Amino acid sequence: MTKDLLSLSTNDYIAGIEAVAARFDSATYPQQNLPADDWTLLTRAGVLLPTLPKEFGGRDSHLEMCRVIETVSEWNLPLGMYVTVITGVALRPIALWADDEAKQEVLPHYSGGDPMVAGFASTEPGCGSAMSGMTTTFEEVEGGYRIRGRKHWQAFSLSAHWWLVSAKNDEHGREYGYFIVKRSEGFRTVQPYEPLGLKVIDYGLNEIDAVVPRHRRIRAEGGNLRPMVEMLMASRALMAAMGAGFLRRISREAHAYADRRIIGRGPMSGIRFVRYRLAAIDTSYTVCAALNHYLQTSLDMKGDMIGAFPAVQAIKTVATERMLSAAQHYQQLVGGEGYRSGSPTNISAQAFLDARVYTIFDGTNDLLSQQLTEYCLARTDGRPLSEFLAEWPLTAAAVTEHRLDLGFLDQNLEQEHRVLAGRAIAYAFSIGRVMRWADETDAAPAEARAAIEFLKADIAGVAGEFRLLATGVLGDEDEAPAETSFSRSVPVPASV
Ligand SMILES: Cc1cc2nc3c(=O)[nH]c(=O)nc-3n(C[C@H](O)[C@H](O)[C@H](O)COP(=O)(O)OP(=O)(O)OC[C@H]3O[C@@H](n4cnc5c(N)ncnc54)[C@H](O)[C@@H]3O)c2cc1C
């Protein structure tokens, strides 16, 4: 059935996705777990195909992976996440690093238009941000590996047919492993979770006690968590595509509502502060569109992405922050009707609940920001951080062209400063992406200018937070300095 899709041009193929995605319009689609029949509509339209190599019936395209997510997210953000988890998080590592035998066993199930689901099981009740604390173990047994432990908050806890599971072994020093597990081999959901948003996806607490054949272990370095960081990079980068689709919709909805709603003698959109909120929403869209352009043109989910670590940390944190802040502006603009579930006049209540988790999951933004700073600090070669950023290819053009004053970063950076500094670095990175997007597309220069002004104000905000911290608000000046070693998930410079 999906074979006919393989010969389509990218634009015709995406038009087909668009036509089906429109049926899932978040204004009308029920807030419920996606029924298998509805998932079939999307798999038959080919949403999984760009992730799959051609020899397994796929279209094998980085650009199309991005465009599918953007298109689906414009109609229904949770559905964009649904597709992202299956494609970017679960199937991509299998397509890239599994043994041929394992690929042959798993991937053909996902190319034929059946309602197949796959998930990634990493987080445990006792650890999410610091995954070195995982308790799920693997051990070699006759014919393969036995994996035992508990995982929670997995997308598709109850519905996934195949899993990618992370586990550890401490028999000869710490070793990590990643295993492809069929649900029926011993993956059991013991408690369903009720999320506040993203209702199309089912979540829960899971117990694993499974024996898998040897060929189902993914080829990945075992001594540290670097492979897991890499496996999460595609979904983190795809936040730009989700953000671009979602915020195009939110911008449209917010403008239409503000034009329709009469306050006093005229439309709400005539109030100047309302226009400021609309500008904040519009510039958030611009920022995500620029990050998405960078994702489409400069990154490649079809290969190892670890080299893009700093760019991806910046994309994830800025795109998700923009999604959340724009959703909040939209909900504020809608007033009381924005606090009503299922309101017929707007989608703001659910949009806010859906966007809320984006700054938390897939690596909490605070941790990712800290890691971005540490990535840069490990490469300064003794220079002040601001000097490094003025020369670093990812921020140099923005720093020079907009005379960004990042001198406030040049001090002893405690943990709290590193989180904030990472945000400033990510904003500077984003200014550079907006500049490039404006140069390489037919975007209106005024849109780019406004987005850059908002990002510069964000950097000034971080500088203000540094000043706030300097007043001693944490009240711990006399305490011993906190642990300042770098996170072990941050790639070290090649020369180290
Ligand atoms: C809707 C949803 C879907 C999910 N999907 C999946 C999935 O498919 N598969 C999967 O394996 N997991 C999934 N997760 C788990 C998710 O990735 C984790 O919740 C997330 O990584 C955070 O881990 P945690 O919840 O244990 O929070 P914790 O690690 O306890 O962190 C809590 C908070 O501590 C603070 N914090 C932590 N570290 C730092 C730091 N260095 N600096 C400053 N503050 C810090 C932050 O405020 C952070 O939000 C999902 C979670 C949700 C809610």
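Predicted model: local features only at pLDDT ≥ 70, side-chain atom pairs only at ≥ 80, totals over all residues.
**Entry 1: the domains**

I started with the domain assignment, which gives domain 1 as 2-116, domain 2 as 119-223 and domain 3 as 238-470 + 484-491. I picked the pair of domain 1 and domain 3, whose C-alpha centres are 27 Å apart.

On contacts, I got 28 residues from domain 1 against 26 from domain 3. The two domains bury about 2200 Å² between them, and 60% of that sits on carbon and sulfur atoms. Which residues of domain 1 lose the most area to domain 3? They are His-62, Glu-74 and Leu-77, and together they make up 31% of what that side buries.

**Entry 2: polar links across the interface**

Next I went through the charged and polar pairs. The rule finds five salt bridges across the interface of domain 1 and domain 3. I also noted 16 residue pairs in polar contact between these two domains, counting pairs with both residues at pLDDT 80 or more.

On the domain 1 side, α3 (62-75) and α4 (77-97) each bring at least two residues to the face that touches domain 3. Helix α3 gives the most, with 10 residues. I sorted the residues of that face by type and got 13 nonpolar, nine polar and six charged.

One salt bridge I wrote down separately is Arg-248 with Glu-70, where the closest N and O atoms are 2.3 Å apart.

**Entry 3: two single residues**

Ser-61 came up next; I found it in the loop between α2 (36-45) and α3. Is Ser-61 buried or exposed? Its relative accessibility is 14%, so I put it down as buried, the cut-off being under 20%. Leaving out residues up to four places away in sequence, Ser-61 touches Pro-50 and Lys-302.

Then I looked at His-417, which is in helix α14 (residues 415-440). His-417 has a relative accessible area of 9%, so it also goes down as buried.

**Entry 4: salt bridges elsewhere**

How many salt bridges does the structure hold? I have 31 in my notes, and I checked a few of them one by one.

- Asp-170 pairs with Lys-168, with the closest N and O atoms 3.3 Å apart. Asp-170 is partly exposed at 42% relative accessible area, whereas Lys-168 is buried at 13%.
- Arg-423 pairs with Asp-366, at 3.8 Å between the closest N and O atoms. Arg-423 lies in helix α14 and Asp-366 in helix α11 (residues 365-377), so this pair ties together parts that are 57 residues apart in sequence. Both ends are partly exposed, Arg-423 at 23% relative accessibility and Asp-366 at 42%.
- Lys-456 pairs with Glu-453, and here I read 3.4 Å between the closest N and O atoms. Both residues lie in helix α15 (residues 445-470), three residues apart, which is about one turn of the helix. Lys-456 is partly exposed at 26% relative accessible area, and Glu-453 is partly exposed at 45%.

Last, I looked for salt bridges that share partners, and these join Glu-70, Glu-74, Arg-248 and Arg-252 into one network.

Definitions and conventions: Residues numbered from 1 in each chain as written. Heavy atoms only, no water. Domains from an automatic or database assignment. Contact = heavy atoms within 4.5 Å. Buried area = accessible area lost by both parts, 1.4 Å probe. Salt bridge = Lys/Arg side-chain N within 4 Å of Asp/Glu carboxyl O. Polar contact = N/O pair within 3.5 Å; in protein donor to acceptor, adjacent residues only side chain to side chain. Helix = DSSP H or I, 4+ residues; strand = E, 2+ residues; numbered from the N terminus. Nonpolar A, V, L, I, M, F, W, Y, C, P; charged D, E, K, R; others polar. Buried < 20%, exposed > 50% of the residue type's maximum accessible area, 1.4 Å probe, protein only.
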